Amino acid sequence: MLSSIESPGEKSFPVVKEVLIVADHYKELHGLQQALSRGFGQVVTASFADAIDVIKRAPITLVVMLPDQLTQSLSLLAEMRSSWFLATLPVIVVATDEGTTATVLHLELGADVALRAPIEPEIIVQYAKSLLRRRAALFEQSPLTEMPGASAFRVAVERNVSMRRAVAICRLDIDRLKPVVDRYGFARGSSVIEALARALQNSTSNVRPRPFAAHVGGDDFVALCQPRHVRQIANRTVVAFEIAADRLYDAEDRERGYIELLDKRQQLRRAALVTLSIGVALANQRRKCSYESLITTANEMLAIAKSQPGSYVAVARETV
């Protein structure tokens, strides 16, 4: 069960990534849908009024805006870039020719690419592919979990810290993953890591403002959220992970609650089933702090959590 040093309806999270076309009226929409489908697979559409809700519900990896009026795209861009969850989502704007001023405004508000219509759909697809290639290289997307990596997480933390927002940094680490790999092989170990990725994504998907979760390597995960959401996210993640991870053991090992392995001296030893340790650092709105200081504190809390039996959450008593 989950314990803690200090107290601070799951929804499935599909693996498939999707491209969102935002438009109210656009005569070339069907052609663009077909072109994007050939280039990326899953394509969904939404009006400007519904775009934010769709982005929050679906695993959108790219947004293409086709505004009828300049205010539509500028308003949506401003709302997206003010959210820590949507601030780094790639955006292409394709607007009717309203001059250089419109292009500059879109770019200033955070559009990654601003194009003028009419334009061939295939050109938009190529811009999208180029944009996503650069983003993947910058943010080191995990090939196993398809979650953002360490660079993306640092960008999100530094942006919020610079704005003096009260935030929590959570470091998550799987306990006793190595015995699973030694007993069953690397594929089973990867399945355990994927189970934690799903648990963390599902546990944060309904929280508002939505936390930013990342896979920074191996069995190490991080999450950025508001302090008031730490308890909820930690509890849900631990419960979901333990249920999913237990199912990955062979029935005999699962029922007895441990696996048996030979050590280097050929002595039989026991390893308990995997659990989850979480270390949490808190940033104070009234005090300037750095990414490094927050991560250092989160690492210290993680070490405390890992020294305790079972799944455990250690939250720093003082803000950084």
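A residue is described here as buried when its relative accessible area is under 20%, as exposed when that area is over 50%, and as partly exposed in between, with a 1.4 Å probe and protein chains only. The structure is a predicted model, in which local features need a pLDDT of at least 70 and side-chain atom pairs count only at pLDDT 80 or more, whereas totals for chains, interfaces and linings use all residues. Residues are numbered from 1 along each chain as its sequence is written, and side-chain values use heavy atoms, with hydrogens and water left out.

The cysteines were examined for disulfides, defined as pairs of cysteine sulfur atoms within 2.5 Å, and the structure holds zero of them. Cysteine 170 is in no disulfide, the nearest cysteine sulfur, that of cysteine 225, being 4.2 Å away; with a relative accessibility of 6%, cysteine 170 counts as buried.

Helices (H or I, at least four residues) and strands (E, at least two) are DSSP runs numbered from the N terminus. Strand β7, which spans residues 167-175, contains aspartate 173, a residue that counts as buried at 10% relative accessibility. The side chain of aspartate 173 is joined to that of lysine 306 by a polar contact of 2.6 Å, a polar contact being a pair of N or O atoms within 3.5 Å of which, within protein, one must be able to donate a hydrogen and the other to accept it, while residues adjacent in sequence count only if both atoms are side-chain atoms. When contact is taken as heavy atoms within 4.5 Å, and neighbours within four places in sequence are left aside, the partners of aspartate 173 include Asp219, Asp220, Thr275 and Lys306.

Helix α6 (residues 150-162) has buried residues at Ala152, Phe153, Ala156, Val157, Asn160 and Val161. Viewed down the axis of α6, these buried residues fall within an arc of 160 degrees, and therefore line one face of the helix; the arc is that of the directions from the helix axis to the C-beta atoms. Just after α6, arginine 164 takes a positive phi of about 60 degrees.

Phenylalanine 241 touches Ile174, Val192, Ala195, Leu196, Ala199, Val274, Thr275 and Leu276, when residues up to four places away in sequence are not counted.
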